[in-house]
Amino acid sequence: MKILLIDDSMTMRRIQTRVLNSMGYDDIIEAGNGKEGLMRIVENNYNMGLILCDINMPEMSGIETLMRLRAHPQTKSIPVIMCTSVAEKEQVLQALKAGANSYIVKPFDPESLKEKINAVL
Amino acid sequence: MSVVDQKNSNGKPAIGFAHINAFVEAAVRTFDNMCNLQTERDGDLQVRRGMFGTHELVGLIGLSGSVRGAVMLTMPILTGKRVTSAFLSEPVRETGPMLIDAFGELLNIIAGAASANMDEGHVQLSLPAVFIGRDLRTGAQHNRPWIVIPMRFNEWGKYNIEVSRETT
């Protein structure tokens, strides 16, 4: 199963990759913002089993990315977990309304991320 | 005059205990959850005006919205490498992109968690910037003071959280 990580922080992508690898997921694709993330999905023929998406990013925010995903017939059912800092809790509500399956708030420990991933898969 | 009595140009407190605690709690929780590191306050608050020196590794993030100002996380480079190594679960040996990105992300998480606990409405954070070098000096607009919160890691020594802000 392919998993897409959309985050402008190289660090967060590395941490998330490490958690996913420890869960047995090795087919990880990375993108630095929403626009790039949508391109990666198209390049992979819409074959994506899960998306972890940051909210506050340059170029295209996580919320706009999510709205575009939910508006497209080939991506509207892909599970999406939004990843955000506490300060963006209003945006978390916005993300859930826009169709996010779940969210995780930084700072988080690896076990919390695993639980969120297991819950949506 | 105590730190919490310091006034900005608009006559409002430069920073109160609630704000100081918000940053301390955010740092403690972030380093514990994401790095498995224990950290605590290390002495009295300091007020600095004008230009002053920092540790060699400096992360800076701007605050806007209901709170205007800036937050810095500063520590020696060796401590920064140890902390970011714990954050990434892999060794950070070079003073390069991995150190800069991880250090900036740690500050981003701390500032985000702290601003959420300030109970002053929506606070927007700028993207973090990281500076490295000896003899770095910082100042703030309109001679606003920097409130320095001395902190320490149980194993790896001292660092600072430094806050300059005004309430709109």
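1. Strand 1 (residues 39-41) of chain B pairs with strand 9 of chain B in the antiparallel sense, over three bridges. Two strands count as paired if DSSP finds at least two bridges between them. Look across from Thr39(B) and you'll find Phe153(B) in strand 9 of chain B.

2. A quick word on what you're looking at: this is a predicted model, where local features need pLDDT of at least 70 and side-chain atom pairs count only at pLDDT 80 or more, while totals for chains, interfaces and linings use all residues. Residues are numbered from 1 along each chain as its sequence is written, and chains are lettered from A and ligands numbered from 1 in the order in which they are written.

3. Strand 9 of chain B also pairs with strand 2 (residues 46-48) of chain B, again antiparallel and over three bridges. Here Val47(B) has Ile147(B) as its bridge partner. Helices (H or I, at least four residues) and strands (E, at least two) are DSSP runs, numbered from the N terminus.

4. Is strand 9 (residues 146-153) of chain B mostly covered or mostly open? Mostly covered: six of its eight residues are buried. Buried means 20 or more other C-beta atoms within 10 Å of the residue's own, exposed means 12 or fewer, and partly exposed is in between, with C-beta atoms placed from the backbone.

5. Now hop to Ala18(B), in helix 1 (residues 17-35) of chain B. Ala18(B) counts as exposed because it has 12 C-beta neighbours inside 10 Å. From Ala18(B) to Val71(B) is 53 residues in sequence and 15 Å in space, C-alpha to C-alpha.
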